[in-house]
Amino acid sequence: MAQLIATVRDYHTISKAIELGMTGCILSCDFFATRQMGYFTKEEIAQAIVEYPELAIYTNINRIFVEDELLKLKEFLLWCSQHNLAGIYYSDPAVYMLAKELHIEDRLIYNQDTILTNHYDIQEYLQLGIQRCVISREITLEEIIAIIQNCGSHLELMIHGHTNLSYSKRRLLTNYFEEIKKDYPVDQIYLLEEESRNERMYIMQDEQGTHIFTGKCLQMVKELPLFMNQIDAVRIDGVFMSDEEVLDAIRFYASIINGQSTDEVYEAWIEPRKDQYHSGYLYTKTNISK
């Protein structure tokens, strides 16, 4: 049975999320992670490991590192090696290289958002000795099932949340506002609209760069039973979601894992607000003509 992993905004939400069915939680530190729902100190992460021994606690290292940041990264990985973390999400190859030096590559979870789209690549990454890979959300359900059939259980899939479409170290909002000579604040969320898309996207800038997300929230309520008994974990990413929305997601997906009908869950939760949700590329290939 897959772990149900979620992100939370603050420490006090953890106990409530556990009650609703969360079995894994991502707690990340500010410098090393970006585009998270909330940030935690190392002391809070260590406290959670002790206070909630039944919970698998992960951290996310998804920053793109430059050379003069590598010593700080290695120190943090050393700290991770000294604490009972269930896993470390990463995307930058530098994280793997330093983790291998510390002999903790088996704690790593490769999560590169849009890269892992076939079982050949995933098998190569798993041969590096890492714990598991996160399947890309930009492929169809048929392709996801094929990956699962070829790669076994060392897999994870994001099943709910606003998906990250692009991450650049460049400060694109700053550059754009300078180009159009407008003095707009860059520390807030904007909506981006393209001619080739029917929905607006979220765009935000922080000290680590620019991030673009889908405007609608991905949901996999009816699809979850197809793979929940075959992979290691499924994940709810709460960025741009309120605490209530995240807790609802945990409660409803946990109910499906525990045997409730997906039709019942869909009708009670998704159907009344279905204009806020979409199925991503589960039934539409990304290479369609525009």
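Predicted model: local features only at pLDDT ≥ 70, side-chain atom pairs only at ≥ 80, totals over all residues.
Local features need pLDDT of at least 70 and side-chain atom pairs count only at pLDDT 80 or more, while totals for chains, interfaces and linings use all residues. Residues are numbered from 1 along each chain as its sequence is written, and side-chain values use heavy atoms, with hydrogens and water left out.

Of the 290 residues, 51% count as buried, where buried means under 20% relative accessible area, exposed over 50% and partly exposed in between, with a 1.4 Å probe and protein chains only.

Next, select Asp-243 and Arg-9, whose side chains meet in a salt bridge at 3.1 Å, N to O (a side-chain nitrogen of Lys or Arg within 4 Å of a carboxyl oxygen of Asp or Glu). Asp-243 lies in helix H8 and Arg-9 in the loop between strand E1 and helix H1, so the pair ties together parts that are 234 residues apart in sequence.

Then select Asp-113 and Arg-137, which form a salt bridge at 3.5 Å, N to O; Asp-113 is buried at 16% relative accessibility, and Arg-137 is buried at 7%.

Finally, select Arg-235 in strand E13 and Glu-156 in strand E7, whose side chains meet in a salt bridge at 2.7 Å, N to O. Both residues are buried, and salt bridges that share partners join Arg-132, Glu-156, Arg-235 and Asp-237 into one network.

Key:
Helix = DSSP H or I, 4+ residues; strand = E, 2+ residues; numbered from the N terminus.
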